[in-house]
Amino acid sequence: DDLSFSNITDCNANDGTITISAINGTGNFEYSINGGASWEANGGFYTDLAPATYDVRVRNDDGTCEVLYASPVSLSEPPSPIITNVASTPISDCNAADGTITISASGGIPNGIEYSIDGGISWQANGGNYSNLAPGTYNVQIRNNDGTCVITAPNSISLVDPPAPTIVDVSPSPITDCGADDGSITILVSDGTGTFEYSINGGLSWEAN
């Protein structure tokens, strides 16, 4: 008798195989990979197998001469990496494009983990640190660096620009008399965040008035 097998190629793929070859005996053969709980006359080829330990046996198709393979066959799948944390820092100013995302992960294959923040379109293998990010929605994934076991974070990361203030109106009031120095400018602003600062000299100086 002879036996060959192939392990599962990806996490949760369930595509393992076992091939059993048998000689001698009488008539045709029946095959079992569950310790004789069930038998098949399928030529000894099993596909779409999940990770598990399989007890392989062969017998004549009249039920006689059951033979146990020398040792159980264990099919494995690649070890899956795990996302342990996803942290981000917001964009600091309008159009600054300085957001960050940091992905922490563990496990996986010994050769390492790859990271993606665009839903798997591109990957990097030099750690899960991303900087200088523009506003947008980022979909975090990790995988083994052989391409197996893609894991997706449950929540996407949204980085947004702080809302910019909008000048709604500028109302000047004229000087009332020669040398009076009593002119005024009133600036009406909306949107933005927090309190505002104002400048009437092109940004050379600012006042929180």
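Leaving aside its neighbours within four places in sequence, which residues is Ile 20 in contact with? They are Asp 2, Leu 3, Tyr 31, Ser 32, Ile 33, Gly 43, Gly 44, Tyr 46, Val 56 and Val 58, where contact means heavy atoms within 4.5 Å. This is a predicted model, in which local features need pLDDT of at least 70 and side-chain atom pairs count only at pLDDT 80 or more, while totals for chains, interfaces and linings use all residues. Residues are numbered from 1 along each chain as its sequence is written, and side-chain values use heavy atoms, with hydrogens and water left out.

**Nonpolar cores**
- The largest nonpolar core has 15 residues, and those touching the most other members are Ile 18, Ile 20, Tyr 31, Ile 33, Tyr 46, Leu 49 and Leu 75; such a core is a set of buried Ala, Val, Leu, Ile, Met, Phe, Trp, Tyr and Cys residues joined through side-chain atoms within 4.5 Å.
- Two or more residues of this core come from each of strands S2 (16-21), S3 (29-32), S4 (45-49) and S8 (73-75), strands being DSSP runs of E with at least two residues, numbered from the N terminus.
- A second, separate core of 14 residues includes Ile 91, Ile 117, Ala 153 and Leu 159.

**Ser 116**
- Ser 116, in strand S11 (residues 113-116), is buried with a relative accessible area of 0%, buried meaning under 20%, exposed over 50% and partly exposed in between (1.4 Å probe, protein chains only).
- A polar atom of the Ser 116 side chain lies 2.9 Å from the backbone oxygen of Ser 122.

**Positive phi outside glycine**
- Asp 48, in strand S4, has a phi near 55° and is exposed at 59% relative accessible area.
- Cys 65, in the loop between strand S6 (57-60) and strand S7 (67-68), has a phi of about 60° and is exposed at 58% relative accessibility.

How values were computed. Helices (H or I, at least four residues) and strands (E, at least two) are DSSP runs, numbered from the N terminus. A polar contact is a pair of N or O atoms within 3.5 Å; within protein, one must be able to donate a hydrogen and the other to accept it, and residues adjacent in sequence count only if both atoms are side-chain atoms.
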